[in-house]
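Please keep the structure in view while reading the points below.

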Amino acid sequence: MPGGMCLMDNRPIGVFDSGLGGLTAVKEIKKVMPNESIIYFGDTGRVPYGTRSKTTLLKYAHQDINFLLSYNVKAIVAACGTISSTASEVGNNLSIPFIDVIYPTSIAACKETKNNRIGVIATSATINSGSFKRRINSINPDIVVLSKACPLFVSLVENGFILPHDPVTTQVAEKYLSELKNMDIDTLILGCTHFPIISHIIKDVIGTHVSLIDSGKETAKFCYETLKAKELLSDKKSAKYTYCVSDETDEFTNVAKIFLGSEIDGDVEKVDIEKY
Ligand code: DGL
């Protein structure tokens with residue numbers, strides 16, 4: 001390259017999730033990379049993913065990726081712990097970077113723990129896959145990983161049971177986290193991108209001494225590093241955002257705003273995902 005000139009790429013980043021949870025990752029990507037345009041696909045018509053079989057998840061992941069590829073994206077972020085854990089091979093033959101949440105989140109948790117005891121909460125599919133435990137132990141075999149599936153959190157979040165001290169979500173959290181609470185963990189991975197929305201409730205229940213690791217946040221930072229290393233960052237000053245969903249409910253705008261932490265700042269489109 002003449003004179004050390006830097007290559008840039010103004011194509012959008014594609015991000016997908018089973019529903020609106022992946023918007024927690026979009027929020028972080030926007031913070032870390034304000035110049036990047038984003039196409040988001042939330043499979044709101046087929047959420048939740050976390051209770052489905054591998055065959056179904058592979059089919060969904062292929063369709064979600066094909067849809068994003070139709071927008072000529074330069075990278076794809078699977079902002080979904082479930083797809084990252086059970087079907088990440090769908091990213092293997094792509095000609096663009098495919099980023100899942102397991103590696104960046106595991107690295108961050110390993111750096112954070114002082115006592116080598118990490119908890120993981122996520123969907124049933126993610127916990128049953130053992131993905132986080134495997135990855136963490138490949139980084140540091142001495143770390144004890146304690147996992148708990150918390151599938152109901154996804155529905156509670158998608159349905160807006162998210163206010164501080166919400167009695168229903170607090171009760172569910174008490175039940176799910178009761179064992180983990182007594183296992184001396186100092187770090188807890190929120191292995192599902194829906195969970196940061198109720199991190200205040202999770203923190204109240206598990207205790208303020210436990211550090212929470214947000215998979216969306218860690219993945220956004222890793223996405224930046226990947227794009228930078230591959231000279232794929234954008235130099236455009238006006239990023240464009242498009243939010244696509246497979247079902248648009250009356251509550252979509254209100255719930256999406258909470259996930260994004262701001263007003264919806266782009267087009268919202270409904271997609272027939274079965275066509276992809
Ligand atoms: N947000 C997704 C995850 O990280 C999926 C939750 C679901 O659809 O069950 O796992």
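In this predicted model, a backbone N or O atom of Y49 is placed 2.7 Å from an oxygen atom of the ligand.

**Ligand surroundings**

- A nitrogen atom of the ligand is found 3.0 Å from an N or O atom belonging to the side chain of T193.
- The ligand taken alone exposes 300 Å², and the protein buries 99% of that area.
- There are 14 residues around the ligand, and those that come nearest are S18, Y49, G81, T82 and H194.

**The sheet**

- Six strands form an open sheet with parallel pairing, and their order is β4-β3-β1-β2-β9-β10.
- The edges of this sheet are β4, covering residues 98-100, and β10, covering residues 267-270, each of which pairs on one side only.
- From one strand to the next, the twist averages 20°.

**Strand pairing and helix packing**

- Strand β2, spanning residues 38-42, runs parallel to strand β9, spanning residues 241-245, and the two pair over five bridges.
- Within that pairing, the bridge partner of I38 in β9 is Y241.
- Helix α10, made of residues 215-229, packs on the sheet, where it touches β1 (13-17), β3 (75-78) and β4, and the direction of helix α10 makes about 155° with that of β4.

Conventions:
Residues numbered from 1 in each chain as written. Predicted model: local features only at pLDDT ≥ 70, side-chain atom pairs only at ≥ 80, totals over all residues. Heavy atoms only, no water. Pairing = 2+ DSSP bridges. Helix = DSSP H or I, 4+ residues; strand = E, 2+ residues; numbered from the N terminus. Axes fitted to C-alpha atoms, helices over the stretch in contact; angles between N-to-C directions. Contact = heavy atoms within 4.5 Å. Near = heavy atom within 4 Å. Polar contact = N/O pair within 3.5 Å; in protein donor to acceptor, adjacent residues only side chain to side chain. Areas by Shrake-Rupley, 256 points an atom, 1.4 Å probe, with all protein chains shown as cover.
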